[in-house]
Structures are given as structure tokens and as C-alpha cells.
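Biologist: I'd like to go through this one slowly and ask how you back up each label. Can you show me the structure?

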Amino acid sequence: MGLVRKQAPQQPEEVLPEKRSTEALREQLADPDPDCRREAALGLEGVAEAVPDLLARVAVETETNVRDAVLTTLSGYDTEQVAGSLAVHLASDDAALRTAVAEALATMPQSVPALLPDLLAAPDHDVRVMTAMVLADMTHPDTAVWLIRMISEDPHPNVVTAAIDAFLPVAGPEHASVLEGAVQRFPDDPFLRFTVQAALPRLSGTA
Amino acid sequence: MAGAATAGTGLSDADFTRFTEYFYKRTGIHFTPAKRYFVDKRIDTCIRASPYDTFTGWFAALRSSDNSGMLQDLINQLTVNETYFLREDYQFDSMLSTVLPNVLAARGGVNRIVGPIKILSLPCSTGEEPYSIALRLLEEWDQIDHVDVEIHGADIDSEVLAKAAHASYGERSLQRVPKPWLNKYFTSVGAGRYQVDEGIRSAVTLHRVNICDTPSMRAFREFDVVFCRNVLIYFDELSSRRAAENLYGAMRPGGYLFLGHSESMSRISPIFTPTRLPEGIVYQRPTGGK
């Protein structure tokens, strides 16, 4: 007993599980065992022909860890087609799926900007709230511009509040008027007013 | 300033962008322009050590030949390896006081546990972390004589792994090691340096691996405790997610993951469950599905 050295083989290359073919991995995406499905999703990284299978899996996968693995692999395809197929789920009734997809889209800064005109104009305000979540976590030089536009123009107070939440980490004293403008547009929304009133002293450095 | 070049490498802004995109694709590590000075200096070192006089020639050789030696040299230069013994050791306190007792209980207790408790240090850099774990276990865990423990260290950088295997350290690395431990587990090798004794060196298994590389990470399985500190901060969102997925796959259900004090898994991926322990936050691989 005590500290023991791992028995041979020592090199991880020697004990790598057998690499499965692309076709086998695609079939494995529907395996009854969640661990097998998760392995397949990660194993299909970089396999372009498996993208349709992975996209189809997002809609039906019930295990969150498998779905997250599928989304991680899909995030490597930062294309309009993949991002657009994922963005459909921002309108899902499944809150966990909506959130997981928003987190995945936040890692796709090349393709998400092209979707924004449609997302920001989505008739379902919950989709616009989720879009604010995407922008909150996305690394892109224009996220602040888009969020300011949402704060200044979106007609729904929940969307504006979500955009303010997303915007605050990058906001400065010069943006106080943007936030005050939102309060003036929705004077009867107590939560939005509270959010702005709590944020303004921090922006001006008086908190 | 567009097209600007910095002294030394002659790297233009466009070169810097091309280079960082290439390096990201090969390693998952992303350097922003804020790291320009650091990257320029390291590339300069690589160019001076190569047969090429310019960045253009060196970079072309790097890409066109797919020269793994050149790429490894570059990785070695661009990964930060500064560490020391017993760094952020409140997490080792947590491992001893809460995590290992929980692991032991979950695996049936001292008398019924099957197989060793497995601990992974990734990245392990020059070895201070895995050897610190070994020292803390030997000196302070009352179950160490009743349970087998495997310690593994892994890193992307082959040079630091060679140093970890040699396990010879200077004053700066050893500043926090208590004198009695130094006398008990190290041998003076001159010039103020001390080498970890063979008994501990041989108990730590070292591997070279890229945490973002899913195929090679598949070799790591069933770890009860993983230390992955101060590395995810170098990755962009996608690479961080990949690394998180690979760590998840390396861990036993219910296993514990320690990140650096400034890192948060919650910002990267939802697949781990944050658990608050007296010494701070640790992340667990969930035991069930969903």
C-alpha cells in the first residue's frame, strides 16, 4: 500500500482504445448507452460528413452530458449553416436545451453575426433574450454594439433587461445614458429600473 | 498600426495573425494581441535556433514540413511553465481533508476498494505539482499505508516533462517545502539544488499529451482526482469546452476536479457539478445520467 507506479504499459499511446471508423461512430451516436453516444460525439470531431447526424442528435438527445459533447463537436464547425441549424433550438420549450445551444453559439463568433439580423428580429421575445445570452459570452469586437442596439431598440422589457445584464461587464461611464434611456422607454418595469439603478453607481465609479 | 513589425522577429501584424491562427489550430491555445511581446520573443528564440534567418522562412518550414520537432520546440517555448512546490496548497488541504475521504467512501472504504485511487496533474509542468501531491499524501494522509495511490503527471511540453522526470529543483521552487521534508525526501545535488528521491520519482508516471486532443486524451480514464490549474485561462471558448469534455472523460463518475483559483468551470461548460468545500470550490463529474 502507499504510492504505487502505474503498471506497464506506461505510454498512453500504448493503451489507447481502438479507433473506430467514422461509420461506426455515426451509428454509435444512437447507442442505448449514453457513454457510448458521448464517446461517439467527441470522436466525430473534424468529421464533416457527420455534421448532419450530430445536428439531428441535438434535437433528440436526452442526456445533457451527451448533448453537451455533441454541441462541443459542432462548435468546431463555425459556419453559418451549423450555427443556423443550432439557433433554431433557441426557441425550444426545453430550457436546458435553449441554454446549452446558447452556450455553444457563444463559441462561434465567425458565423453568429450573420444570424443576428434574424435573431434580433425574432417575433418570439424569448429567442431575443437567448440572443442576448449568446452575445454576453461571445468574443467578438462588435458585441457591445449589438447589445446597445438591443437595449435602445428592442420593444420587450425582458429582452432589454437581458441585454443590459449582458452589456454591464463591458459598460463604462459613457454608457450611462444608454441605460437611462432604457428606463425611460419602460418606466413601469420595476425589474428593469432596479437593474439600471443598481448598475449606474458602478459605472460611474461611485458604488 | 497595420503592417507594423516589432524588433527582433520582424513579425508584421498580419504575420502575427497567421501565426496565432496556425498555433491555435495545432494546440487549441489562443494568443491575443495583448500577448504580442511574449509571442514575438519566443518566436525569435525559435528562429535563432533554426537554420532560417527570417520569420517567413521559418514559418514556411514549420507549416510545409509538418515538422513535429519544430512544432514541439515552439510549444515548449510558448507554454508557461513557472510553478513551485505546494503552490495554492489550500487545494491539497481540501484533497486530504474532504476529497480523498469522500472518494474512499464512494469506492467502498479502505477494506473494499478495488484498484488504486488515481490522481492526475495536468499540466504538470516541471513536476512540482505531482511531487507536492505525493509529499502531502505521504506526510499527512492517514490512509496512505492502507490504500494504493497512483499519481500521474501530464503536459504538452516535452522539455518540462524531461525536467519533471529528473526532478531537480532550485531554491525558488522549493521555498515552501518544510525543512524536515526537504531532508527526508530530497537529496542535495549541489549548487543549491535538490533532487526528489528515487522512491517518489518512480511513483509518479509522466505522459505527454495535449488536453485539447480528444483521441490521445482517451487513454486517460477513471481518475478520482484531477488537478488542472491555470491552463484553461490560455484557451478560447471552444478549446476550453473541448478540454472540459476530455477531463470529464478522464474522470470516474463522482471524481473531483480542481481548477486554478481564478478559473471557473461554470463559465466554460455545464457538464461538471460545482461543489463548495470548506477550502473552496471543486468540480465533480456527476454520478448519474441526465
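This is a predicted model: local features need pLDDT of at least 70, side-chain atom pairs count only at pLDDT 80 or more; totals for chains, interfaces and linings use all residues.

Biologist: Why is α10(A) called roughly parallel to α12(A)?

Modeller: Angles under 35 degrees get that name. At about 20°, α10(A) is therefore roughly parallel to α12(A).

Biologist: Which residues meet there, on α10(A) and α12(A)?

Modeller: From α10(A) come A:Pro157, A:Val160, A:Thr161, A:Ile164 and A:Asp165, and they meet A:Phe191, A:Leu192, A:Thr195 and A:Val196 of α12(A). By class, that contact has six nonpolar residues, two polar and one charged.

Biologist: A:Leu200 is in helix α12 of chain A too. Why is A:Leu200 called partly exposed?

Modeller: Count the C-beta neighbours inside 10 Å: A:Leu200 has 18. Buried needs 20 or more and exposed needs 12 or fewer, so with 18 A:Leu200 lands in between, partly exposed. Setting aside neighbours within four places in sequence, A:Leu200 touches A:Ala176 and A:Leu179.

Biologist: Now chain B. What makes B:Leu86 buried?

Modeller: B:Leu86 has 20 other C-beta atoms within 10 Å, and 20 or more is the cut-off, so B:Leu86 is buried. You'll find B:Leu86 in the loop between α4 (68-78) and α5 (90-106) of chain B. Its phi is positive, about 60°, although B:Leu86 is not a glycine.

Biologist: And B:Ala167, buried or exposed?

Modeller: Buried: B:Ala167 has 20 C-beta neighbours inside 10 Å. B:Ala167 has a positive phi of about 60° as well, without being a glycine, and is in the loop between α7 (158-166) and β3 (168-169) of chain B.

Biologist: How do you know that the peptide bond from B:Leu122 to B:Pro123 is cis?

Modeller: Check omega: for that bond, omega is near 0°. B:Pro123 belongs to the loop between β1 (117-121) and α6 of chain B.

Biologist: What about sheets? Why are β3 and β4 of chain B said to stand at the edges?

Modeller: The sheet is open, with three strands in the order β3-β5-β4 of chain B, paired antiparallel. β3 and β4 (186-190) each have a single partner strand, so one side of each has no neighbour in the sheet.

Biologist: How do you know that β3(B) pairs with β5(B)?

Modeller: Pairing takes at least two bridges, and two bridges join β3(B) to β5 (residues 193-196) of chain B, so they count as a pair, running antiparallel. B:Ser168 stands opposite B:Gln195 in β5(B).

Biologist: What happens between β1 of chain A and β2(B)?

Modeller: They pair in the parallel sense over two bridges, with β1 covering residues 2-3 of chain A. There, A:Leu3 stands opposite B:Val149 in β2(B).

Biologist: How many residues are in contact between the two chains?

Modeller: 35 residues of chain B are in contact with 27 residues of chain A. On the chain B side, elements giving two or more residues include α6 (128-140), β2 (148-155) and α12 (237-250). That side has 16 nonpolar, nine polar and 10 charged residues.

Definitions and conventions:
Residues are numbered from 1 along each chain as its sequence is written. Chains are lettered from A and ligands numbered from 1 in the order in which they are written. Two residues are in contact if their C-beta atoms, placed from the backbone, lie within 7 Å. Helices (H or I, at least four residues) and strands (E, at least two) are DSSP runs, numbered from the N terminus. Ala, Val, Leu, Ile, Met, Phe, Trp, Tyr, Cys and Pro count as nonpolar, Asp, Glu, Lys and Arg as charged, and the others, Gly among them, as polar. Axes are lines fitted to C-alpha atoms, for helices over the stretch in contact, and angles run from 0 to 180 degrees between N-to-C directions. Angles under 35 degrees count as roughly parallel, over 145 as roughly antiparallel, 65 to 115 as roughly perpendicular and the rest as oblique.
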